[in-house]
There are 2 protein chains.
Amino acid sequence: MLTDLRIDDTRLLQRLDDLACHGAREDGGVSRLALTDADKAGRDQVVAWMRRLGLDVTIDAIGNIHGTRRGRSDGPPVMTGSHIDTVATGGLYDGNLGGLAGLEVIEVLNAARLETTRPVAVGFFTNEEGARFAPDMMGSGVHQGSMDLEACLAAVDVNGATVEAELARIGFAGDTPCGNFRAAAFFELHIEQGPVLEREGITIGAVTGVQGISWTELVLSGQSNHAGTTPMGLRRDPMVPAAQIAVFVRDMSDRLGGSQVGTVGALTASPNLVNVVPASVTMTVDLRNTDEDLLQEAERRLAGHLDRLAADEGVDIETRVLARFEPVTFDPDVIGLVAEVARDLGHDVRRLPSGAGHDAQMLARVCPTGMVFVPSVGGISHNPAEHTDPVDITAGADVLLRTLVQLATIDSEKSES
Amino acid sequence: MLTDLRIDDTRLLQRLDDLACHGAREDGGVSRLALTDADKAGRDQVVAWMRRLGLDVTIDAIGNIHGTRRGRSDGPPVMTGSHIDTVATGGLYDGNLGGLAGLEVIEVLNAARLETTRPVAVGFFTNEEGARFAPDMMGSGVHQGSMDLEACLAAVDVNGATVEAELARIGFAGDTPCGNFRAAAFFELHIEQGPVLEREGITIGAVTGVQGISWTELVLSGQSNHAGTTPMGLRRDPMVPAAQIAVFVRDMSDRLGGSQVGTVGALTASPNLVNVVPASVTMTVDLRNTDEDLLQEAERRLAGHLDRLAADEGVDIETRVLARFEPVTFDPDVIGLVAEVARDLGHDVRRLPSGAGHDAQMLARVCPTGMVFVPSVGGISHNPAEHTDPVDITAGADVLLRTLVQLATIDSEKSES
């Protein structure tokens, strides 16, 4: 019975451990920045696994690795995948789980000698994190067509190395044109990276979309002075409005409610000395909402607050957009399929948006797309302590397997043994 | 007439320029951290000038340089002085003006061939700034007796060098016991380092005392999380209470009024990334008041606010005292004398407290002490752009000259020429 198909959790967990050797940190985490030697070693491992599984492997011009298992038809594949680049202080699961669960699905199909109507493809996209080269989601963005290949190849890291040179150096400047195929559908299994599923005791998240993201850098300039000799009334201290902005961002996000979140994660004062009124403060504001209108409302309220503060406090406030992505909504049929499959497998399901960006949001523009979330212990991610319970990993991979199988429209069971 | 005595502004300004060559920065400022090669060069220059002026020069065990012009009596000298060490981004006037104006007073006395009853001494104290070795006001503190010589000699800089070793290296580990004399009175001419005199168009500040200083470091610890995936209600974000503290410090200082000032000059978030709720924030609070009771009231209000915030925001707040000095009040007779002399010379005078620490506050514990302030352009100090108008420098040095002469009780005019 096709419904008896299950992934082999031992094999999947072993692959997660094996891949974590490349860029392993002493604290148990992983540092595998895009296009580094560690990334090359991880990529070589992935390609070797794909070849052992009998997949047709292609590398495209931005370094995306695609492995395809042929179907009876030559039509577009049903696709899964993710990325294996990590942040410098990364864990074992972010990205890696999605790609390796895809290979595990292929293992199961091969072991069962199942021939699908549609091909099944697994993609490993280049530089999803953007931790070394901006922008993030580079490989899936170029594949899908919204990012320019030449511009992305010209991106430089802090040492001046380009994506193009680093791809060539590690042997992943492929000759396949980017975006030379469109998938029939795309599914990505990923850890939630947030606390919601764990807090609610739910195993499977049927992801409804990805929050819109608005990142702004603010530079507040006042007048640096001696902290002892400058009366309060004669100050133009940029720290005070900077602090008021941080409080405002939290309070406004609370008031807007719903999916709205707002964060001041970075704040740097200059000269940053105990006894000097700062000359300037540079800070970031991260606003996210699943609804574009509400995200724009949050941006408007912040802008209005900045205008009032600049006038009240006698400081200059310059703003610069660091990133702006509109919310992405996944295909309702695909969301429904994920939820239905998960329930059939006996799991509790919750529909929820993704607060983080993922390759799936790029694919969503060109094919029906969905994501499967599994719980993150403590909501912790981008951290060596990132962890997901093996039971949950197995559950998520089984949902991925069943969903892919269903969409690949298996219409025959061959049993040659 | 003694009242015709005037300092030579050209000579004094030239000495300020000459001394600024030692540790000169390309931006026109001075970097002459205590006991560096630049400090040695400056000290050698000062000692050479003192010897040319016929002063008896002694170097004590903490490196203080004292030059004494003999009087008819062997009693305690009337003393002036300051320091020549600077912060790394210092200017030409902080400290240097006080010491070099003292040498200019000696020049005038010598040129007029005046014999005073009391000796007149000029002191250059070691490490007033504390920018390389803590604590600050080290030389005057050891001289006056409140700081322990051995402890100060053992102080280390960031590279592990000790005060003792550096004094020996630059040839200023003197053999005179520290504090082997007490002055009859001490006067220090200094730039205001604040904006009050300039804003009010006043030339001379008769300093009433030095504000008490309370420096606290706060470490706020919360829970680091992904800024996109963590709902507002599940956060323990230390940036929000840190910001509330910065706003509170300003508002509380405004409400307390009087001489109260409060500053959050340093704030560092970790990991300080746009898309990560910080794990921790380290910040400083600088509170100052001329009244000890009011300074304690400000400290109590801050502590109460911290307790409420820690409970409301679910963060831990650890506090550490970085520095605590009680306010110092200068001798009323000396303050009155400075004001009277300045008015006699035709200057507008304002009594005001010092917001910054000075060697004079150490001396105030053992002898009648006062300070003369001259305006700082824009209130800027500890900055290469630090500037005081030559007219104001001349005015301040003339007030110093006249005050010293009056206290040294000149009782004869010799005119040998």
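**View 1. Gln211(B) in the loop between β6 (204–210) and β7 (212–221) of chain B.** The model shown here and in the views that follow is predicted. Gln211(B) is buried, its relative accessible area being 4%. Its side chain reaches the backbone oxygen of Ser259(B) at a distance of 3.0 Å. Leaving out residues up to four places away in sequence, Gln211(B) touches Ser259(B), Val261(B), Arg288(B), Asn289(B), Thr290(B), Pro327(B), Pro353(B), Ser354(B) and Gly355(B) in chain B, and Gly228(A) in chain A. Val163(B), 48 residues from Gln211(B) in sequence, lies 28 Å from Gln211(B) in space, C-alpha to C-alpha.

**View 2. Asn289(B) in strand β12 (residues 280–289) of chain B.** Asn289(B) has a relative accessibility of 2% and counts as buried. Two polar contacts of its side chain can be followed in this view. The side chains of Asn289(B) and Ser259(B) are joined by a polar contact of 3.0 Å, and the side chain of Asn289(B) reaches the backbone nitrogen of Asp291(B) at 2.9 Å. With neighbours within four places in sequence set aside, the residues in contact with Asn289(B) are Gln211(B), Gly212(B), Ser259(B), Gln260(B), Leu294(B), Leu295(B) and Pro327(B). Pro327(B) is also among the residues that Gln211(B) touches.

**View 3. The interface of chain A and chain B, where 54 residues of chain A are in contact with 54 residues of chain B.** The two chains bury about 4,400 Å² between them, 61% of it on carbon and sulfur atoms. Met232(A), Arg250(A) and Val274(A) supply 15% of the area that chain A buries against chain B, more than any other three residues. Two salt bridges are counted between the chains. In one salt bridge, Arg250(A) pairs with Glu313(B), with the closest N and O atoms 2.7 Å apart.

**View 4. The elements on the side of chain A that touches chain B.** Those that give two or more residues are α7 (196–200), β9 (225–226), α8 (239–256), β10 (261–263), β11 (267–270), β12 (276–277) and β13 (280–289) of chain A. The largest share, nine residues, comes from α8(A). By class, this side of chain A has 24 nonpolar, 22 polar and eight charged residues.

**View 5. The rotation that superposes chain A on chain B.** The rotation is 180 degrees, the shift along its axis is 0.1 Å, and the RMSD is 0.1 Å. That is the relation of a two-fold axis. Ala243(A) comes closest to the rotation axis of the residues of chain A, with its C-alpha at 2.1 Å. Of the interface residues of chain A, 100% are also interface residues in chain B, so the copies meet through the same surface.

**View 6. The cis peptide bond from Ser270 to Pro271 in chain A and in chain B.** In chain A, the bond from Ser270(A) to Pro271(A) has omega near 5 degrees. Pro271(A) is in the loop between β11 and β12 of chain A. In chain B, the cis bond joins Ser270(B) and Pro271(B), with omega about 5 degrees. Pro271(B) lies in the loop between β10 (267–270) and β11 (276–277) of chain B.

**View 7. Arg113(B), a residue other than glycine with a positive phi.** Phi of Arg113(B) is near 50 degrees. Arg113(B) is placed in the loop between α3 (96–111) and β4 (120–124) of chain B. Its relative accessibility is 44%, and Arg113(B) therefore counts as partly exposed.

**View 8. Asn127(B), in the loop between β4 and α4 (138–144) of chain B.** Asn127(B) also has a positive phi, near 50 degrees, and is a residue other than glycine. At 2% relative accessibility, Asn127(B) counts as buried, whereas Arg113(B) counts as partly exposed.

Definitions and conventions: Residues are numbered from 1 along each chain as its sequence is written. Chains are lettered from A and ligands numbered from 1 in the order in which they are written. This is a predicted model: local features need pLDDT of at least 70, side-chain atom pairs count only at pLDDT 80 or more; totals for chains, interfaces and linings use all residues. Side-chain values use heavy atoms; hydrogens and water are left out. Contact means heavy atoms within 4.5 Å. Buried area is the accessible area (1.4 Å probe) that two parts lose on being put together, summed over both. A salt bridge is a side-chain nitrogen of Lys or Arg within 4 Å of a carboxyl oxygen of Asp or Glu. Helices (H or I, at least four residues) and strands (E, at least two) are DSSP runs, numbered from the N terminus. Ala, Val, Leu, Ile, Met, Phe, Trp, Tyr, Cys and Pro count as nonpolar, Asp, Glu, Lys and Arg as charged, and the others, Gly among them, as polar. Copies are superposed by least squares on the C-alpha atoms of residues with pLDDT of at least 70 in both. Buried means under 20% relative accessible area, exposed over 50%, partly exposed in between (1.4 Å probe, protein chains only). A polar contact is a pair of N or O atoms within 3.5 Å; within protein, one must be able to donate a hydrogen and the other to accept it, and residues adjacent in sequence count only if both atoms are side-chain atoms.
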